[in-house]
Amino acid sequence: MKMTKVVPFAMSALLLGGAIGAPTASANEGEATVINAETSEQQVQPIFIKVTGTVENVEVRENATYYTVVDGDNTNIVIANKDSLVFDNMGKEAKLQKGEKVSAYSYAKKPMLAIYPPQYNPEVIIVETEEMGSVEVDFFNKDLVDTENNLKLNVGEDTKLASATGKAVKVDDLKEQHLVVFYTIATMSIPAQTPPSKVIVLDTIEKEEPVEVDPAPTPEPAPAPVDSAVQEIINKDFYEVDGTKMVPLRLIAEKLGFKVEVTPKGAIVSKGALSYTITRGQKEYGYNKALRQFKVAPALLESGKTYVPVEFVEELTK
């Protein structure tokens with residue numbers, strides 16, 4: 001039986017070593033750092049991998065078409081199906097044919113097959129024509145600037161907006177998204193500014209939410225002070241079980257205003273919308289419709305008296 005292992009792009013590049021030519025790419029948000037073993041230099045692995053070249057072979061299979069794309073010594077396989085986004089560099093829908101020059105943009109965080117030549121299932125394929133049109137595939141921030149601060153979008157009334165899934169798109173929907181941008185002119189400023197002719201939102205890519213890190217951990221709130229009568233019970237009526245202080249459930253719960261309903265194997269303790277189901281011999285206890293767990297299981301340590309870990313008193317006083 002033939003088995004194919006699926007690995008991320010960075011790992012497949014290491015497995016294939018020098019056999020794979022490194023495709024050019026535009027750096028993107030969420031980029032990872034890869035250490036080159038030969039040069040010991042840090043290299044940035046972009047989210048979008050750009051594969052360029054000329055289509056030299058076309059193989060139609062059952063569910064997809066495989067295009068062999070060659071650029072010098074580099075050979076890659078670009079896979080397209082009926083749902084693939086294929087445009088020319090002016091933003092018009094196009095068809096891939098043998099002999100055409102193409103650029104294919106693939107989301108690098110997708111798994112890829114560790115085989116040679118490399119195979120890509122790109123988010124968008126661009127057929128490069130003689131027309132003066134440029135394409136940028138990148139992540140654009142809330143100001144519609146790409147990740148390298150190279151291009152800023154000035155979306156106007158003439159800009160055609162679309163999405164990969166066919167949803168209606170407004171200008172605000174372009175912010176903090178992966179976009180395919182078609183444009184013909186740009187200013188010489190930094191970043192260059194352009195009125196794009198067409199923008200497509202790649203909403204098939206799951207958007208990663210930023211992880212917020214607190215500058216300092218938030219201290220846990222101090223437990224509520226225990227009623228003096230409850231504290232007196234804790235001090236006088238307790239047992240030590242496996243290093244845990246066990247206190248009488250009913251006496252303490254009723255002092256805190258809870259209703260205690262005795263069951264054959266324990267008790268149901270309730271007040272308002274709160275309800276706890278305690279079972280002797282079981283560490284798990286019910287909290288409304290959820291389950292929580294004691295360190296030590298409740299036990300009948302005296303006749304008619306169920307004892308629970310003292311930490312449960314803090315639960316009842318929250």
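Which residue stands opposite tyrosine 276 in E24? In this predicted model, the residue opposite tyrosine 276 is tyrosine 287.

**Overall composition**

The protein chain contains 4 helices and 27 strands. Of its 318 residues, 38% are buried. The chain exposes about 19,500 Å², and carbon and sulfur atoms supply 51% of that area. Among contacts between residues at least 6 apart in sequence, 56% join residues at least 24 apart.

**Strands E23, E24 and E25**

Strand E23 (residues 274–279) and strand E24 (residues 284–287) run antiparallel and are joined by 2 bridges. These two strands form a hairpin with 4 residues between them, and glycine 281 in the turn has a positive phi of about 85°. E24 is also joined to strand E25 (residues 290–293), by 4 bridges in an antiparallel arrangement. Here glycine 286 stands opposite leucine 291 in E25. E24 and E25 likewise form a hairpin, with 2 residues between them; asparagine 288, in that turn, has a positive phi of about 50°.

| Strand pair | Bridges |
|---|---|
| E19 and E20 | 3 bridges |
| E23 and E24 | 2 bridges |
| E24 and E25 | 4 bridges |
| E5 and E9 | 7 bridges |
| E9 and E12 | 4 bridges |

**Nonpolar cores and aromatic pairs**

The largest nonpolar core has 20 residues, of which Ile252, Tyr276, Ile278 and Phe312 touch the most other members. At least two residues of this core come from each of helix H2 (228–236), helix H3 (249–255), strand E22 (266–271), E23 and helix H4 (311–316). Leaving aside neighbours within four places in sequence, tyrosine 276 is in contact with Phe258, Ala267, Ile268, Val269, Tyr285, Gly286, Tyr287, Phe312, Glu315 and Leu316. Another core, of 15 residues, lies apart from the largest one; among its members are Leu85, Tyr105, Tyr107 and Ile200.

The structure holds 10 aromatic pairs. In one of them, the ring centres of tyrosine 276 and tyrosine 285 are 6.4 Å apart and the planes stand at 40°, so the pair is tilted. Both tyrosine 276 and tyrosine 285 are buried. The rings of tyrosine 285 and phenylalanine 312 have centres 5.5 Å apart and planes at 80°; this pair is therefore edge-to-face. Because tyrosine 285 lies in strand E24 and phenylalanine 312 in helix H4, the pair ties together parts that are 27 residues apart in sequence. Phenylalanine 312 is buried, as is tyrosine 285. One aromatic cluster is formed by Phe258, Tyr276, Tyr285, Tyr287, Phe294 and Phe312.

**The open sheet E19-E20-E27-E26**

An open sheet consists of 4 strands in the order E19-E20-E27-E26, with antiparallel pairing. Strand E19 (239–241) and strand E26 (299–302) stand at the edges with a single partner strand each, so one side of each has no neighbour in the sheet. On average, and with direction ignored, neighbouring strands of the sheet are turned by 50° against each other. E19 is joined to strand E20 (residues 244–248) by 3 bridges. The bridge partner of glutamate 240 in E20 is lysine 245.

**Strand E9 and its partners**

In strand E9 (residues 101–107), 6 of the 7 residues are buried, so the strand is largely enclosed by the rest of the structure. Strand E5 (residues 48–60) is joined to E9 by 7 bridges and runs antiparallel to it, with lysine 50 opposite tyrosine 105. E9 also pairs with strand E12 (residues 124–127), over 4 bridges in the antiparallel sense, and there valine 102 stands opposite valine 127.

**Two buried residues**

Threonine 65 is found in strand E6 (residues 65–71). Its relative accessible area is 15%, so threonine 65 counts as buried. Residues up to four places away in sequence not being counted, threonine 65 touches Val58, Glu59, Val60, Val78, Ile79 and Ala80.

Leucine 202 is found in the loop between strand E18 (198–201) and H2. With 1% relative accessibility, leucine 202 is buried. On the same exclusion of sequence neighbours, leucine 202 touches Phe48, Leu85, Glu123, Val137, Ala164, His178 and Val180. Leucine 202 and aspartate 138 are 64 residues apart in sequence, and their C-alpha atoms are 9.8 Å apart in space.

Conventions:
Residues are numbered from 1 along each chain as its sequence is written. This is a predicted model: local features need pLDDT of at least 70, side-chain atom pairs count only at pLDDT 80 or more; totals for chains, interfaces and linings use all residues. Side-chain values use heavy atoms; hydrogens and water are left out. Two strands pair if DSSP finds at least two bridges between them. Axes are lines fitted to C-alpha atoms, for helices over the stretch in contact, and angles run from 0 to 180 degrees between N-to-C directions. A nonpolar core is a set of buried Ala, Val, Leu, Ile, Met, Phe, Trp, Tyr and Cys residues joined through side-chain atoms within 4.5 Å. Buried means under 20% relative accessible area, exposed over 50%, partly exposed in between (1.4 Å probe, protein chains only). Contact means heavy atoms within 4.5 Å. Accessible areas come from the Shrake-Rupley method with a 1.4 Å probe; for residues, only the protein chains shown count as cover. Rings of Phe, Tyr and Trp (its six-membered ring) pair if their centres lie within 6.5 Å; planes under 30 degrees apart count as stacked, over 60 as edge-to-face and the rest as tilted.
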